[in-house]
Amino acid sequence: MENSNPIIKIDHLTYRYEKENVLEDISIEIPKGAFLGIVGPNGSGKSTLLKHLLGLIKVQQGEIRLFGTDIRSFKEWDRIGFVSQKANSFNTGFPATVFEVVLSGLTRKIGLFRFGSREDRKKVHAVLESVGMREFENRNIGELSGGQQQRVFIARALVSEPELLILDEPTVGVDAQNVNQFYDMLENLNKELHITLVLVTHDIGVISDKVTHVACLNKNLHFHGSTMEFNALKEQDLSSIYGHGVQVITHQH
Amino acid sequence: MISGLFQYEFLQNAFLTGIIIGVLAPLLGVFVVVRRLSLIADALSHVTLAGIAFSLLLEKKLGILAGLNPLYMGMTFSVIGALFIERLRNVYKHYQELAIPIILSGGIGLSAIFISIADGFNTDLFSYLFGSVSAVTRMDLWIIMGICILVIIAIIVLYKELFLLSFDEEHARASGVPAKLIHFIFILLVALVIAASMRIVGILLVSSLMTLPVAASIRIATGFKQTILYSVLFGEAAVVGGLFLSYYLDWAPGGTIVLLAILILIATILYKKIRLRMV
């Protein structure tokens, strides 16, 4: 693609689970500064692909390179931030303040056997400020609304100043009203701070609005290109991916 | 009792041990509870009992290990039990909690067999089941102090990793924290603390000292550090208060400590209710 040094380069990735192909021969390059939306129906392997990128699943067949390094020997995980589906990733009764949660985003950067410094605390305050959650820093995370919690998780991912931010259906459990705001914030991160974003979503409406690149996944890669090319696709092309008549839904939750 | 504290070594042993346990058990208990592993403490305490029964059996039947503190064998069994739980959790990926009843019943089964082979023990075993003030030796105290130092250093050094692992395991692993290793160390610490606590509160009540103060603390604390602080305070209050009461009333210390911990728990629940109503 347009950049000779892509942040992520996947080559012929195939993943089998219990004798079934979950991912088939995926090849994709994600250039620096991109805002890539990955869409696909349930069970299309979106989460499996993300787990590969985060090193949570070992590569069976094919190759993944992160920042030019083979993922099998990749060590600089603090260059990658991750925001998961809020709903199933933590228990809301957990006794931790917003501050403590965001500080935990620096765990890897501070390193084993070392303690956080005053600098680290300042970083936490700054990033909470930037997502508009500073005033909640001493509240327990469970007391906040879904949208507020998701902002805290974004802050946790951002506090280590990653170059790449991976988001897995981040708006699940966020009320419709705040979803737009949330995507505006992402767009901002991409444009102002030049963070490369990879967003997995089932919300195709968002894809055509905000992202710069689109990948359609259903076991294999059905489409990969710029958003303009994606928008030029006809509806029947999309339904061939989803396997049935698909409606382009805009921000409906 | 105050004057007794200066006079009798056994009272000093019991008290100092109690104070240490009052810090250790709830401190580790916070991580145990938030990681939803409360029942692991129960499983491991029963395995510890098997170790103690085994040690007493060897001593009675074969005369070996006569001078050895049964606590060592208890700890060994507890640690081995912890390793088995980890293995089983990997075997039953979708039913991770299954590991706990397997190990718990295994521990009790082994204990029963050892006890029957030995044709029963003297009253000693009773003190292991329900705890005893008079049973704590100076040697026990030293062992428990050693464990205390080890655990506190480990918690301080690994605090941020343990926190992240407890809060969001997937995120911990995705950000490159050596989750398996840290979890392993954590389980070993739990096994050691259970073996150490059992002298005072007894095998059957050990897990309560890890969970009850934490359950009370979670009701009213804000943030993780405060949860730890309140847990330790409640645990300490229950242990020290329980030891005093049991001494004067001649009750089993383990039971007294646990009942005090439950009273504290009820008090915090009521306090929270009243506060919510006032807002």
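Two strands pair if DSSP finds at least two bridges between them. The views below come from a predicted model.

**View 1. Strands S3 and S9 of chain A run parallel.**
Strand S3 covers residues 35–39 of chain A, and strand S9 covers residues 213–218 of chain A. The two are joined by 4 bridges. One residue to look for is A:Ile38, whose bridge partner in S9(A) is A:Ala215.

**View 2. An open sheet of 6 strands in chain A has mixed pairing.**
Read across the sheet, the order of strands is S6-S7-S8-S3-S9-S10. Strand S6 (80–83) and strand S10 (220–226) of chain A are the edge strands, and each of them pairs on one side only. On average, neighbouring strands of this sheet are turned by 15° against each other, direction ignored. Strands of a sheet pair through backbone hydrogen bonds, either parallel or antiparallel.

Strand S4 (residues 61–66) of chain A and S5(A) run antiparallel and are joined by 2 bridges. Across this pair, A:Arg65 stands opposite A:Asp70 in S5(A).

**View 3. Helices H4 and H7 of chain B cross at roughly 35°.**
The axes of helix H4 (residues 70–91) of chain B and H7(B) come within 10 Å. From H4(B), the residues B:Leu71, B:Tyr72 and B:Met75 meet B:Met139, B:Asp140, B:Ile143 and B:Ile147 in H7(B). Sorted by type, the residues of this contact are 6 nonpolar, no polar and 1 charged.

**View 4. Chain B and chain A bury about 2600 Å² between them.**
The size of an interface is often given as the accessible area lost when the parts come together. Carbon and sulfur atoms give 64% of the area buried between chain B and chain A. In chain B, the residues that lose the most area to chain A are B:Lys160, B:Phe167 and B:His171, together 26% of what that side buries. The contact takes 29 residues from chain B and 30 residues from chain A.

**View 5. A salt bridge links the side chains of B:Asp168 and A:Arg156.**
The N to O distance in this salt bridge is 2.9 Å. The count between chain B and chain A is 1 salt bridge, and there are 9 residue pairs in polar contact (both at pLDDT 80 or more). On the side of chain B that touches chain A, helix H7 (138–157), helix H8 (159–167), helix H9 (169–174) and helix H12 (224–249) of chain B each supply at least two residues. The largest share, 7 residues, comes from H8(B). The residues of this side of chain B divide into 15 nonpolar, 7 polar and 7 charged.

Methods:
Residues are numbered from 1 along each chain as its sequence is written. Chains are lettered from A and ligands numbered from 1 in the order in which they are written. This is a predicted model: local features need pLDDT of at least 70, side-chain atom pairs count only at pLDDT 80 or more; totals for chains, interfaces and linings use all residues. Side-chain values use heavy atoms; hydrogens and water are left out. Contact means heavy atoms within 4.5 Å. Buried area is the accessible area (1.4 Å probe) that two parts lose on being put together, summed over both. A salt bridge is a side-chain nitrogen of Lys or Arg within 4 Å of a carboxyl oxygen of Asp or Glu. A polar contact is a pair of N or O atoms within 3.5 Å; within protein, one must be able to donate a hydrogen and the other to accept it, and residues adjacent in sequence count only if both atoms are side-chain atoms. Ala, Val, Leu, Ile, Met, Phe, Trp, Tyr, Cys and Pro count as nonpolar, Asp, Glu, Lys and Arg as charged, and the others, Gly among them, as polar. Axes are lines fitted to C-alpha atoms, for helices over the stretch in contact, and angles run from 0 to 180 degrees between N-to-C directions.
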